[in-house]
Amino acid sequence: LSGSMMSLFSSGDFGTVEVRGRIQFSLVYDTQKEELHVKVYRCEEIASARKNRSDPYVKTYLLPDKSNHSKKKTAVKKNTLNPVYDQTLRYKVRIGELRSRTLNLSVWHAEPLSRNVFLGEVEVSLGLWDWTCSLPLWQDLQPRIHLNPDSISSRGLILLSIKFIPDGFEGGGLPLTGELHIWLREAQGLLTNKGGAIDSFVRSYILPDASRQSGQKTRVVKRSFSPTFNHTMVYDGFHSSDLREACAELTVWQREGLKSHVLGGIRLSCGTGQSYGEAVSWMDSTEEEVTVWTSMIEKPNHWVEAMLSIRTNLAQRPE
């Protein structure tokens with residue numbers, strides 16, 4: 001993301017105080033308790049919110065969860081630009097989820113009778129964090145940059161396995177036709193404009209067949225931003241040659257009441273832009289998606305595992 005992920009969920013003016021200073025913290029994951037420990041040590045030379053003074057505290061979120069369950073706060077330190085906290089904030093989270101989560105630490109001036117004042121933040125992508133390091137480190141506080149939700153290129157990750165079984169491969173003439181198996185395991189870090197856990201499901205088509213017969217979908221998993229689907233879609237009637245002309249489209253949907261809207265998806269194909277000699281918009285697979293699809297073609301009857309970005313730039317296709 002270019003800018004703070006929190007900008008997706010925030011409103012209000014964050015430019016009233018020029019951000020300065022830095023924050024010291026450390027991260028430790030307790031595998032026995034399945035807890036992330038965020039120790040906030042101190043801040044230095046932060047901005048003054050009111051006449052050369054601030055009453056600062058640190059607030060954290062484990063994004064993309066922006067709910068109260070995710071919000072943690074330190075104590076407020078009165079009248080200081082160099083507050084010392086030495087507080088540990090704890091999150092219950094499975095270690096497998098950490099790679100799709102982002103830790104947001106923000107510093108605020110507490111204003112009892114009006115809105116608290118933003119003093120700066122840092123964001124840590126936990127998928128890139130060096131977990132062998134438990135020592136405290138310093139990071140400069142950054143201003144919050146307003147981010148247009150339409151500019152987000154990814155809404156999370158899909159974890160899946162896929163394989164192709166050619167006709168007659170299992171012996172005795174079975175299967176009668178080639179079969180495509182898509183084992184949809186889970187999604188991770190589903191990112192919405194509101195933040196927090198959502199109700200979601202995944203829908204699949206094997207293009208160019210966009211009919212109801214081609215469409216399959218998982219059950220709805222409620223109140224989760226890292227839902228486990230553990231659902232296998234099976235499509236038959238394939239010849240090996242068809243795979244270079246076809247595209248497996250999987251889209252992730254958010255259910256809100258009686259309505260559903262798409263968050264994004266993936267397209268597994270050879271990415272040639274053509275299907276059976278005709279130019280088509282939906283043959284727009286990324287390099288990573290093409291690699292997964294071609295690996296499946298080259299390794300019949302073997303599962304190919306993948307973790308792919310839920311992208312928002314799927315080219316529109318005719319309905």
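This briefing walks through the predicted model above, from the overall build to a few individual residues. It is a predicted model, in which local features need pLDDT of at least 70, side-chain atom pairs count only at pLDDT 80 or more, and totals for chains, interfaces and linings use all residues. Residues are numbered from 1 along each chain as its sequence is written, and side-chain values use heavy atoms, with hydrogens and water left out.

**Overall build**

- The protein chain holds 1 helix and 19 strands; helices (H or I, at least four residues) and strands (E, at least two) are DSSP runs, numbered from the N terminus.
- Along the principal axes, the C-alpha atoms of the protein chain fill a box of roughly 80 × 40 × 35 Å.
- Of its 319 residues, 49% count as buried, where buried means under 20% relative accessible area, exposed over 50%, and partly exposed in between (1.4 Å probe, protein chains only).
- Among contacts (heavy atoms within 4.5 Å) between residues at least 6 apart in sequence, 68% join residues at least 24 apart.
- An unreviewed UniProt entry carries the annotation "domain: C2" for residues 19–139 and 154–283; such annotations may be inferred rather than shown by experiment, and positions are given in the numbering used here.
- Residues 19–139 are 0% helix and 48% strand, and the end C-alpha atoms of this span lie 13 Å apart.

**A four-stranded sheet**

- Four strands form an open sheet in the order β5-β2-β1-β8, with antiparallel pairing; two strands pair if DSSP finds at least two bridges between them.
- At the edges stand β5 (84–92) and β8 (137–140), each with a single partner strand, so one side of each has no neighbour in the sheet.
- On average, neighbouring strands of this sheet are turned by 30° against each other, direction ignored; the axes here are lines fitted to C-alpha atoms.
- Strand β1 (residues 22–30) pairs with β8 in the antiparallel sense over 4 bridges, and Gln24 stands opposite Trp138 in β8.

- Helix α1 (residues 287–298) has 12 residues and reaches 16 Å from its first C-alpha to its last, close to the 16 Å expected at 1.5 Å a residue; the expected span is 1.5 Å times one less than the number of residues.
- Buried in α1 are Glu289, Val292, Trp293, Ser295, Met296 and Ile297.
- Their cover includes β9 (154–165), β10 (178–188), β15 (247–256), β16 (259–268) and β19 (304–311).
- Strand β9 is mostly covered, with 11 of its 12 residues buried.
- β9 pairs with β19 in the antiparallel sense over 7 bridges, and Ile158 has Leu308 in β19 as its bridge partner.
- β9 also pairs with β10, antiparallel over 9 bridges, and here Ser161 stands opposite Trp183.

**Aromatic rings and a buried threonine**

- Rings of Phe, Tyr and Trp (its six-membered ring) pair if their centres lie within 6.5 Å, and planes under 30 degrees apart count as stacked, over 60 as edge-to-face and the rest as tilted. The count by this rule comes to 6 aromatic pairs.
- Trp129 and Trp131 make an edge-to-face pair, because their ring centres are 6.4 Å apart and their planes stand at 65°.
- Trp129 is buried at 14% relative accessible area, while Trp131 counts as partly exposed at 32%.
- Ring pairs join Phe25, Trp129 and Trp131 into a cluster.
- Thr102 sits in strand β6 (residues 102–109) and counts as buried at 12% relative accessibility.
- Not counting residues up to four places away in sequence, Thr102 touches Met5, Tyr61, Leu62, Leu63, Glu123, Val124 and Ser125.

How values were computed. Axes fitted to C-alpha atoms, helices over the stretch in contact; angles between N-to-C directions.
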